[in-house]
Amino acid sequence: MSRGSSAGFDRSITIFSPEGRLYQVEYAFKAINQSGLTSIGVRGKDSACVITQRKIPDKLVDEETVTHLYRVTKHSGCVMTGMVADSDMQVQRARYEASEYKYQYGYEMPPDMIAKRLADIGQSYTQIAHMRPLGCCLIMVGWDEEKGAQLYRVDPAGFFCGFRACSAGTKQTESNNYLEKKIKKNSMMSEQEVIQTAIAALSHVLAVDFKPSEIEIGIVSDANPVFRKLTEAELDEQLNILAERD
């Protein structure tokens, strides 16, 4: 007896299809693309940065309140791609876990531990019937006393891994292809090269020339391990450098 590929198996998060797929988890990945945004993370020799688009959804919205970059701890931060409400919830959970960790152990939660904890929580959502996976993807950068600058990506399925470069969102495949070529040529990039590579990658896959108000960049480095956003003046300087180079 033949039946459709999903044939009712997408109604519950906890039921596998005959092909061994969890359709609700796959739909969560598709939900990430509904935001229409693309985010990129790049790690170099002594620094790591994340970049994303900054779209104002309505002319009446206060621009200062729209952001996809969040600080989690003093030395780590993330960019969220996907459903905004789910993203806010995951950031709040990350801050809570980091705060609890510092209270219990007396020192700041390392970036890899934050990513692992969020991935564990995300994975539990895929096997509890009364919950659903989060429709967002987290790309985290942070500075670790032992490992230096780090870059991690956490997806709705509960998978996390460290990366030299990664992306999420609408143009993820194109971004990864571009980054693979760049990283293959130079995997030990300086802080300046990391920022330039991230901007160039996003500009290339979207085929647009950005204004400072249209992107957000967060960075950590050995020289300045505190997670911070680049100001509009700094973004303008970086965009000018890239324009002159091209």
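Mentor: Helices (H or I, at least four residues) and strands (E, at least two) are DSSP runs, numbered from the N terminus. Ile15, for instance, is placed in the segment before helix H1 (23-33). This is a predicted model, in which local features need pLDDT of at least 70 and side-chain atom pairs count only at pLDDT 80 or more, while totals for chains, interfaces and linings use all residues. Residues are numbered from 1 along each chain as its sequence is written, and side-chain values use heavy atoms, with hydrogens and water left out.

Trainee: How many helices and strands are there in the protein chain?

Mentor: The protein chain has six helices and 10 strands.

Trainee: Is Ile15 buried, partly exposed or exposed?

Mentor: Buried means under 20% relative accessible area, exposed over 50%, and partly exposed in between (1.4 Å probe, protein chains only). Ile15 has a relative accessible area of 42%, so this residue is partly exposed. The C-alpha atoms of Ile15 and Glu234 are separated by 49 Å, the two residues being 219 residues apart along the chain. Of the 246 residues of the protein chain, 48% count as buried.

Trainee: Which residues have the most contacts inside the largest nonpolar core?

Mentor: In soluble globular proteins, nonpolar side chains tend to be buried together. A nonpolar core is a set of buried Ala, Val, Leu, Ile, Met, Phe, Trp, Tyr and Cys residues joined through side-chain atoms within 4.5 Å. The largest one here has 24 residues, and Ile40, Val42, Ile51, Ile199, Ile215 and Ile217 have the most contacts inside it. Among the elements that give two or more residues to this core are strand E1 (38-43), helix H5 (191-206) and strand E9 (215-221). H5 gives the most, with seven residues.

Trainee: What does Ile215 touch?

Mentor: Contact means heavy atoms within 4.5 Å. Leaving aside residues up to four places away in sequence, Ile215 touches Ile51, Thr52, Arg54, Leu202, Phe210, Leu235 and Leu239. A second, separate core of 21 residues includes Met80, Ile121, Cys136 and Val154.

Trainee: What is the phi of Ala207, and where does this residue lie?

Mentor: Most residues other than glycine have a negative phi. Ala207 has a phi near 55 degrees, a positive value in a residue other than glycine. Ala207 lies in the loop between H5 and E9. With a relative accessible area of 66%, Ala207 is exposed.
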